2 protein chains.
Amino acid sequence: LAADDALPSWRPGATRDAVVGFLDAAAAVPAERRVAVFDNDGTLWCEKPRYVQEDFLLRELSTAARTRPELAQRPEYHALLHHDQAAIAELGLERLAGALIELSAGLTPEEFAHRVTEFMSTGRHPDHKVTYGQMVYQPMLELMDALRARHFTICVVTGGGTEFVRAVAPDLYGVPPELVVGTLIEYAYEVRDGVPVLLRTARVLGQPNEGKPKVSHIQAQLGRRPIFAAGNSAGDREMLEYTASAGPPSLALLVNHDDADREYAYQSRSATLDEAESIVDVAGREGWVVASMRDDWTTVIEATAGR
Amino acid sequence: LAADDALPSWRPGATRDAVVGFLDAAAAVPAERRVAVFDNDGTLWCEKPRYVQEDFLLRELSTAARTRPELAQRPEYHALLHHDQAAIAELGLERLAGALIELSAGLTPEEFAHRVTEFMSTGRHPDHKVTYGQMVYQPMLELMDALRARHFTICVVTGGGTEFVRAVAPDLYGVPPELVVGTLIEYAYEVRDGVPVLLRTARVLGQPNEGKPKVSHIQAQLGRRPIFAAGNSAGDREMLEYTASAGPPSLALLVNHDDADREYAYQSRSATLDEAESIVDVAGREGWVVASMRDDWTTVIEATAGR
């Protein structure tokens with residue numbers, strides 16, 4: 001299949017030409033160097049109005065609070081259960097995230113994965129009313145397939161929880177668990193009643209997988225330098241610049257959320273960027289390829305196409 | 001190919017029957033659960049009279065000391081360069097290992113890998129006089145191939161340095177870098193003269209990959225529970241017991257070094273085992289399959305076969 005036939009949801013133009021040009025050039029690269037990394041939230045699936053994992057954690061909290069009402073007394077849980085924005089702001093994200101992580105402490109990896117897949121098959125996106133699994137960007141799935149057809153090793157490098165994304169990556173993306181790099185929770189190994197078990201703790205292992213740690217973690221877990229990277233936020237900046245400098249050929253692709261009609265319109269900023277700059281500005285300056293949702297994609301989400 | 005034709009270096013008998021029985025039973029297991037993990041030192045290649053990586057690090061030290069003679073003044077390096085056993089014992093392994101790790105701080109992953117492959121192609125095993133790459137156990141290579149033919153994902157889970165083993169695993173074992181789990185060194189990400197680089201530090205990331213951490217790290221890096229594990233030392237105990245309880249079918253295989261003529265005769269003991277027990281005793285008690293180098297293998301090392 002020619003590269004340009006494999007990307008039906010990409011509108012002809014400079015962006016698609018750059019992608020097709022990279023796919024063609026990659027044929028000359030030794031197979032072991034054909035490594036592609038994709039950020040997840042906002043790059044492969046929708047991250048608005050909230051991260052999918054945030055909705056998962058809030059549902060876990062609601063479920064737990066039904067059988068253990070005393071949980072609602074804890075300030076962090078109280079604020080979240082009552083959508084108390086003032087208290088949420090005062091407590092801070094780190095403390096809230098830590099409290100939510102505690103909810104799954106003591107679960108085995110299999111038990112946690114089961115909760116995730118249960119959520120994914122029953123939960124609905126608050127605005128679009130389809131399942132979260134249907135909020136995956138069709139053009140990115142086509143790009144993954146085109147890379148796979150060229151014998152790329154396809155990896156998901158997420159700021160979210162590694163095990164959360166692993167539970168869905170094989171079905172949604174065809175990516176096996178070992179090729180998902182994310183934020184890890186420490187495990188404890190115990191022999192309980194003669195049976196060895198691995199149990200989640202409430203501690204994050206190392207650093208959250210955003211910014212510079214994304215690059216270190218790619219090397220630590222995958223051991224290979226990517227020549228293709230796709231991202232959308234300030235937390236992807238280092239991964240994109242590290243990848244861009246691995247070529248030629250190499251491709252750093254930034255998804256620009258500029259489609260308020262079909263998805264959302266926003267640009268990621270962060271403390272690691274100059275105040276005046278968004279990640280889209282950085283992409284322009286660095287010469288990365290920017291995919292405009294509005295202009296470059298004929299379809300954003302298959303389930304809502306044509307609405 | 002039938003399983004028993006694929007293992008020519010395995011002598012007919014109870015051990016080979018158990019291995020073949022597992023290979024046959026695995027056909028009924030869903031493909032995503034067909035995960036096999038192999039310890040490296042003493043399980044896939046010879047670890048006597050010293051670990052291969054120890055020889056590598058000592059050669060790195062000698063090389064560095066030739067151009068930077070002041071290194072020899074540092075107590076740890078002085079002891080190692082002069083084979084001063086009393087000083088070595090007094091300084092302790094942890095401090096010596098830390099000093100040796102410092103020698104590769106500041107290298108990129110590619111530079112470090114180049115040093116390893118250079119060493120592997122020129123270094124010689126002190127007793128057998130063949131290259132280190134030739135000191136791989138032929139029956140284990142056949143077993144890897146038999147598992148691969150049954151669509152297993154084959155992983156190396158080593159107590160040694162992850163990046164050291166990654167540099168050789170594709171060629172020696174056909175195992176890609178992302179399927180090597182070991183002891184990790186932290187990386188630092190920097191942009192140097194406009195070029196993004198990843199540099200080795202002198203810090204171990206998390207815990208050394210021995211004992212319980214082997215199990216946690218398998219889940220953290222691979223995200224799947226193995227149904228086959230091979231090991232040879234006390235540091236493999238938890239990995240073997242975790243794997244054994246993942247079935248049926250499952251296979252925990254212990255390589256017993258009982259062949260002083262063709263390899264070495266020794267049994268691993270450690271503080272985590274009862275004083276009176278070796279890992280071979282544990283295997284007997286737990287019902288693991290024990291491969292006797294002397295009795296179960298017709299060939300140990302291809303390069304020295306028939307000597």
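Buried area is the accessible area (1.4 Å probe) that two parts lose on being put together, summed over both. Keep that in mind as you open this predicted model, since the tour begins where two chains meet.

**Stop 1: the interface**

Colour chain A and chain B separately. Between them they bury about 2600 Å², and 58% of that lies on carbon and sulfur atoms. Now select Glu178(A), Tyr189(A) and Gln219(A): this trio supplies 25% of the area that chain A buries against chain B, more than any other three residues. In total, 31 residues from chain A and 31 residues from chain B take part in the contact.

**Stop 2: polar links across the boundary**

Next, show side chains for Arg224(A) and Glu178(B). They meet in a salt bridge, with 2.7 Å from N to O. The count of salt bridges between chain A and chain B is two. If you display polar contacts as well, the count between the chains is 17 residue pairs, with both residues at pLDDT 80 or more.

Which elements of chain A each supply at least two residues to the side that touches chain B? Select helix 6 (109-122), helix 8 (162-166), strand 3 (180-192), strand 4 (195-205), helix 10 (212-222) and helix 11 (237-244) to see them. Helix 10 of chain A gives the most, with seven residues. Colour this side of chain A by residue type and you will find 16 nonpolar, six polar and nine charged residues.

**Stop 3: Arg166(A)**

Move along to helix 8 of chain A and pick out Arg166(A). Is this arginine, Arg166(A), buried or exposed? Arg166(A) has a relative accessible area of 4% and the cut-off for buried is under 20%, so it counts as buried. Zoom in on its side chain: one of its polar atoms lies 2.8 Å from the backbone oxygen of Pro177(A).

Then show what surrounds Arg166(A), leaving aside neighbours within four places in sequence. From chain A, it is in contact with Pro177(A), Val180(A) and Gln221(A). From chain B, its contacts are Gln219(B), Ala220(B), Gln221(B), Leu222(B) and Gly223(B).

**Stop 4: the nonpolar cores**

Finish inside chain B by selecting Phe38(B), Met140(B), Leu143(B), Leu147(B), Phe228(B) and Leu253(B). These have the most contacts inside the largest nonpolar core, which has 89 residues. Centre on Leu143(B): not counting residues up to four places away in sequence, it touches Leu7(B), Trp10(B), Val19(B), Phe38(B), Phe228(B) and Leu253(B). Apart from that core lies another, of 88 residues, including Cys46(A), Phe152(A), Val156(A) and Tyr266(A).

Notes: Residues are numbered from 1 along each chain as its sequence is written. Chains are lettered from A and ligands numbered from 1 in the order in which they are written. This is a predicted model: local features need pLDDT of at least 70, side-chain atom pairs count only at pLDDT 80 or more; totals for chains, interfaces and linings use all residues. Side-chain values use heavy atoms; hydrogens and water are left out. Contact means heavy atoms within 4.5 Å. A salt bridge is a side-chain nitrogen of Lys or Arg within 4 Å of a carboxyl oxygen of Asp or Glu. A polar contact is a pair of N or O atoms within 3.5 Å; within protein, one must be able to donate a hydrogen and the other to accept it, and residues adjacent in sequence count only if both atoms are side-chain atoms. Helices (H or I, at least four residues) and strands (E, at least two) are DSSP runs, numbered from the N terminus. Ala, Val, Leu, Ile, Met, Phe, Trp, Tyr, Cys and Pro count as nonpolar, Asp, Glu, Lys and Arg as charged, and the others, Gly among them, as polar. A nonpolar core is a set of buried Ala, Val, Leu, Ile, Met, Phe, Trp, Tyr and Cys residues joined through side-chain atoms within 4.5 Å. Buried means under 20% relative accessible area, exposed over 50%, partly exposed in between (1.4 Å probe, protein chains only).
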